[in-house]
Amino acid sequence: MDNILIKHTKALIDGEMIPADIAIKDGIILSMDGAPEGFVPDTVIDGEGKLCMPGLVNAHTHAYMSLFRSYADDVAFDNWLFGRILPKEDTLTPEDAYWGTMLSCIEMIKTGTTAFCDMHLFAGIPAKAAHDAGMRAVITRGLTGSDGGERRIAEALDEWNEWKHDPLISGMLAPHAIYTCDEPFLHRVMEVADETGLGINIHLSESPKEIDDCYAAHGCSPVEYLAKMGMFRHKTLAAHCVHLSETDIMLLAEHGVSVAHNPKSNLKLANGIAPVKQMLDAGVNVCIGTDGAGSNNALNMFSEMNFACLLPKGINKEGDVVSAKEVIRMATVGGAKALGLQNVGELKAGMQADLAILDLGQVAFRPLHDIAGALCYAANGSEVETVIIGGEIVMQNGALTKIDEEEVYYHAERITKDW
Ligand code: NI
């Protein structure tokens with residue numbers, strides 16, 4: 001692995017721009033202020049006029065779903081899921097899912113995302129795609145409790161065993177949701193979590209229907225239901241958490257549950273707006289995800305950060321809540337913590353070299369009064385030029401180094417051409 005020196009650059013540290021010369025060795029940031037004695041770079045990047053920021057962490061994806069981009073827009077939820085998505089999803093092969101996941105990797109890298117947490121249906125496929133793309137990934141095989149629940153658990157464990165020694169790949173267990181996993185199956189998943197030490201990735205409190213059904217069946221909210229069951233004794237990442245009572249928020253904070261906020265997916269599927277300000281006030285670790293491209297339609301974290309900044313201001317009618325700096329924190333360190341990624345999410349010596357280099361000459365940064373605000377309210381991800389993950393340059397001046405883009409586009413179009 002090359003030693004890299006990024007010279008005369010600016011680094012984004014705690015939402016501020018700090019002059020830096022970043023030395024990277026063996027995939028780790030060795031120094032933020034120049035090459036230490038004896039350090040010989042193989043690659044020198046001129047960082048003049050550039051911003052180095054921690055790679056963004058997309059905390060909730062279904063990456064194969066990029067094949068569904070713009071396939072089912074502007075329809076009601078039931079029609080979206082049962083009329084459009086599921087019938088086509090049933091036709092996908094593992095190979096199709098691979099190309100869909102690669103398509104997501106292209107979009108994520110191009111917009112500065114270096115790590116993602118994927119809930120998927122095709123054992124082994126996202127891990128292989130992330131590996132081929134050079135991305136850091138937390139792979140979570142979606143588990144449902146109906147026919148084949150044990151087979152899916154076995155697939156999840158096989159996949160985890162196959163990839164656990166890859167420095168960029170890790171895993172969690174992903175019971176899909178409380179409405180697709182019954183209580184015995186959730187207990188079974190917790191048993192596996194006890195045996196393996198794996199964390200839990202679950203969709204939670206996403207739609208009003210989920211809340212109503214949970215009250216009808218269990219007499220409590222989905223968060224209370226899982227809390228009573230003991231689910232939160234495991235490290236848990238809960239996606240969505242749109243509909244929460246004050247008690248729910250307290251329980252999430254008390255149990256250290258991380259919440260993946262997916263603002264655009266929640267809006268597009270008409271599920272509502274998560275109480276992010278209230279969760280942050282209570283001390284919940286909130287991170288940000290895009291969800292799948294069927295419900296977004298992009299995996300662009302800049303767009304997601306924009307919504308994450310704007311929505312709390314609109315719904316709380318307060319302009320000074322959930323700042324750009326806080327949202328950048330959510331999209332970097334917050335995500336890394338939620339995904340259990342060690343030494344990821346910040347630029348400082350000793351951290352993994354996961355970073356995006358942006359061109360400060362782009363219009364979003366002119367004039368540049370405040371870098372955090374510019375990143376969240378003006379930038380759109382097209383400013384990202386170069387991306388480094390675990391010390392590997394995966395995109396250099398806009399060119400992907402590990403993925404043949406045209407090959408991926410060819411397959412994505414081939415797979416979907418008769419839809
Ligand atoms: Ni999801």
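The model is predicted: local features need pLDDT of at least 70, side-chain atom pairs count only at pLDDT 80 or more, and totals for chains, interfaces and linings use all residues. Residues are numbered from 1 along each chain as its sequence is written, and side-chain values use heavy atoms, with hydrogens and water left out.

**Exercise 1.** Determine which residues coordinate the nickel ion, and classify the site.

*Solution.* Step 1: donors are N, O and S atoms within 2.8 Å of the metal (3.2 Å for Na, K and Ca); water is not among the atoms, so sites may look incomplete. Step 2: His-60 (NE2), His-62 (NE2), His-203 (NE2) and Asp-291 (OD) coordinate the nickel ion at 2.0 to 2.6 Å. Step 3: along the chain, these donors follow the spacing H-x1-H-x140-H-x87-D. His-60 in strand 6 (residues 56-61) and His-203 in strand 11 (residues 200-204) link distant parts of the chain, being 143 residues apart; strands are DSSP runs of E with at least two residues, and helices are runs of H or I with at least four, numbered from the N terminus. Step 4: the angles among the four donor atoms run from 83 to 173°, and the site is irregular. Four donors count as tetrahedral if all angles lie between 85 and 135 degrees; four count as square planar and six as octahedral if opposite donors are over 155 degrees apart and all others between 65 and 115; anything else is irregular.

**Exercise 2.** Is Thr-101 buried or exposed, and which residues does it contact?

*Solution.* Step 1: buried means under 20% relative accessible area, exposed over 50%, and partly exposed in between (1.4 Å probe, protein chains only). Step 2: Thr-101 belongs to helix 2 (residues 94-110). Its relative accessibility is 1%, so Thr-101 is buried. Step 3: contact means heavy atoms within 4.5 Å. Apart from neighbours within four places in sequence, Thr-101 contacts Ala-63, Tyr-64, Pro-126 and Ala-129.
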